[in-house]
Structure formats: C-alpha cells, structure tokens
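Please look through the chain below and turn the model as you read. This report walks along its helices, its ring pairs and its pocket.

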Amino acid sequence: MNKLIAQIMKFGAVGAVAFVIDYGLLAALTEIFGVNYLVSATISFTASVVFNYAASMRYVFTHKEDMSRRREFVIFVVLSIIGLLINNACMWAGVELLGLHYLIVKIFATAVVMVWNFVTRKIFLDADR
C-alpha cells in the first residue's frame, strides 16, 4: 500500500507539471492568439502528453521488461488519445452546454482525465501492478 501511495504522489507531481504546460498553453493560445478553445485544448493537451510520457515512464511507472519501448509508446499514445477525447468532451459540454468559462472547465476536465490516465497506465503499462 505504501508503494501505491508513493506512486500516486509521483504521478501527482508529474501531473502538476503537465497541467501547468497544458493550462498555460491553452490560455496563451486562446487569449493571446485567438485560437478556438477546443483547438487550443487539443494542442495544449498534446504538448503536455509528450512531457507526461517521458516523466511518467521514467519516474512513476516501472517498465515491463517483456514489452518493447515501441509497444509501450503506442499503448501510451492510444490511452492518451482516449484521454484527449474525454478532455475535449468535457470542455465542449462545460462551455457549450453549461455556459462555463473554458479555463474553469479545464480544471474539471483535467481531474477526470487524470483518473483515467492513472488507472489505465497502471493496468496496461506498469510492471508493478
């Protein structure tokens, strides 16, 4: 149990940095460059996934020795694409249906996707599950 708690803490630290990248880029693209919030959300999410892959597979999850790095990356990308779809669905619903500001919705969307990411990466990518 202590190992799982430590892993969740590391995941949270990596996720916090990824969130800063995601949220900052989302706000900059939308506010400064006038990019539609859903396009900005897709770009910012993708940028944060690149960081998240490198950091998560180095500091959070243990590489499965019987899995090639290529396969690991493909699984990570597939899980991340599903996470992106969840993120953008939350963004659209929060903004278009509920009328909330996109930056507030992003915080909720991040929490939902964070749970998805941890659970699925733990199941599919972590040797210590």
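This is a predicted model. Tyr 37 has a relative accessibility of 11%, so it counts as buried, since the cut-off is under 20%. Tyr 102 has 9% relative accessibility, so Tyr 102 counts as buried too.

## Ring pairs

How many aromatic pairs does the structure hold? There are 7. One of them joins Tyr 37 and Tyr 102: the ring centres are 6.4 Å apart and the planes meet at 35°, so this pair is tilted.

Now take Tyr 53 and Phe 76. Their rings make an edge-to-face pair, with 4.8 Å from centre to centre and 70° between the planes. Tyr 53 sits in helix α2 and Phe 76 in helix α3, so the pair ties together parts that are 23 residues apart in sequence. Are these two residues buried or exposed? Both Tyr 53 and Phe 76 are buried.

Rings also gather in a group. Phe 11, Phe 61 and Phe 118 are linked into a cluster by ring pairs.

Helix α1 covers residues 2-32. It has 31 residues, and its first and last C-alpha atoms are 44 Å apart. That is close to the 45 Å expected at 1.5 Å a residue.

Which residues of α1 are buried? They are Gln 7, Phe 11, Val 14, Ala 18, Asp 22, Leu 26, Ala 27, Leu 29 and Thr 30. An α-helix has 3.6 residues a turn, so residues three or four places apart point the same way. The buried residues of α1 pack against α2, α3 and α4. Val 20 also lies in helix α1. Its relative accessibility is 58%, so Val 20 counts as exposed. After α1 comes Gly 34, which has a positive phi, near 70°.

Helix α3 runs over residues 69-97. Why does its length agree with expectation? At 1.5 Å a residue, its 29 residues should span 42 Å, and the end C-alpha atoms are 41 Å apart, which agrees. Gly 99 follows α3, and its phi is positive, near 75°.

## Loops

Gly 99 lies in the loop between α3 and α4. With a relative accessible area of 60%, Gly 99 is exposed. His 101 is placed in the loop between α3 and α4 as well. His 101 has 40% relative accessibility, so it counts as partly exposed.

The loop between α2 and α3 holds Lys 64. Is Lys 64 buried or exposed? Lys 64 is buried, because its relative accessible area is 17% and the cut-off for buried is under 20%.

| Pair | Apart in sequence | C-alpha to C-alpha |
|---|---|---|
| His 101 and Ser 68 | 33 residues | 42 Å |
| Lys 64 and Leu 84 | 20 residues | 25 Å |
| Gly 99 and Trp 116 | 17 residues | 25 Å |
| Val 20 and Ala 6 | 14 residues | 21 Å |

## The largest pocket

Rolling a probe the size of a water molecule over the atoms shows where empty space is left. The largest pocket holds about 270 Å³ of space. It is lined by 19 residues. Which of them are closest to its centre? They are Gly 15, Ala 18, Asn 52, Thr 110 and Asn 117. Helices α1, α2 and α4 are the elements that give two or more residues to this lining.

What kinds of residue make up the lining of the largest pocket? It divides into 9 nonpolar, 7 polar and 3 charged residues.

Technical notes
Residues numbered from 1 in each chain as written. Predicted model: local features only at pLDDT ≥ 70, side-chain atom pairs only at ≥ 80, totals over all residues. Heavy atoms only, no water. Helix = DSSP H or I, 4+ residues; strand = E, 2+ residues; numbered from the N terminus. Expected span 1.5 Å × (residues − 1). Phe/Tyr/Trp six-rings, centres within 6.5 Å; stacked < 30°, edge-to-face > 60°. Buried < 20%, exposed > 50% of the residue type's maximum accessible area, 1.4 Å probe, protein only. 1 Å grid on protein atoms, 1.4 Å probe; cavity = no way out; pocket = protein on both sides within 12 Å on 5 of 7 lines; lining within 4 Å. Points joined across faces, edges and corners; volume = space filled by probe spheres on them. Nonpolar A, V, L, I, M, F, W, Y, C, P; charged D, E, K, R; others polar. Contact = heavy atoms within 4.5 Å.
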